[in-house]
Amino acid sequence: RWPRGPPPPPPQRVLLQFNITGIPARALITNATLSLYVKDATGGPVTINAHRVTQSWNEAEVTWKARDKAASQLWTQAGGDYEAAVDGSATVDDTKN
């Protein structure tokens, strides 16, 4: 049994990909905003970190273990391969607005 109540939930990861082909190669991006919404959150504040994924992946075939299940291409680490550095971070809570 976990020292104080139930064990923490397993990590959850989401893969997001953006089509940036319309942005010129030498363009300087000075600001960007990403809005995400959490539904039915409970348990207090949660910090969400954004990391750069370091391997390609297939949207139709990605799983916790595989970046392309159909092609038998696995992640190096379960849950995805990503840079340790945090590119962006936000804390959300269960306050309903």
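## Surface and burial

The protein chain has an accessible surface of about 8,800 Å², and carbon and sulfur atoms account for 52% of that area. Accessible areas come from the Shrake-Rupley method with a 1.4 Å probe, and for residues only the protein chains shown count as cover. This is a predicted model, in which local features need pLDDT of at least 70 and side-chain atom pairs count only at pLDDT 80 or more, while totals for chains, interfaces and linings use all residues. Residues are numbered from 1 along each chain as its sequence is written, and side-chain values use heavy atoms, with hydrogens and water left out.

Of the 97 residues in the protein chain, 9% are buried. Here, buried means under 20% relative accessible area, exposed means over 50%, and partly exposed lies in between (1.4 Å probe, protein chains only).

## Overall layout

The protein chain has 4 strands and 0 helices, giving the pattern β-β-β-β along the sequence. Both kinds of element are DSSP runs numbered from the N terminus: helices are H or I with at least four residues, and strands are E with at least two.

Among contacts (heavy atoms within 4.5 Å) with a separation of 6 or more, 62% join residues 24 or more positions apart.

Phe-18 is exposed, with a relative accessible area of 56%.

## Charged residues

Side chains of opposite charge can pair when their charged atoms come close. The whole structure holds 1 salt bridge, a term for a side-chain nitrogen of Lys or Arg within 4 Å of a carboxyl oxygen of Asp or Glu. Arg-52 pairs with Glu-83, and their closest N and O atoms are 3.0 Å apart. Arg-52 is in the loop between S1 and S2, while Glu-83 is in the loop between strand S3 (73–74) and strand S4 (88–92), so the pair ties together parts that are 31 residues apart in sequence. Arg-52 is partly exposed at 46% relative accessible area, and Glu-83 is partly exposed at 31%.

Asp-68, in strand S2 (residues 66–68), is buried yet has no salt bridge. The nearest side chain of opposite charge is that of Arg-67, 7.2 Å away; Lys and Arg count as positive and Asp and Glu as negative, with His and the chain ends not counted. Leaving out residues up to four places away in sequence, Asp-68 touches Asn-58, Glu-61 and Gln-73.

## Loop residues to look at

Val-62 lies in the loop between S1 and S2 and is partly exposed at 26% relative accessibility. Beyond residues up to four places away in sequence, Val-62 touches Leu-15, Trp-57, Arg-67 and Trp-75. Trp-64 is also placed in the loop between S1 and S2, and is partly exposed at 39%. Apart from neighbours within four places in sequence, Trp-64 contacts Pro-11, Arg-13, Trp-75, Ala-78, Gly-79 and Gly-80.

Most residues other than glycine have a negative phi. Ser-72, in the loop between S2 and S3, has a positive phi near 55°. Ser-72 is exposed, with a relative accessible area of 61%.
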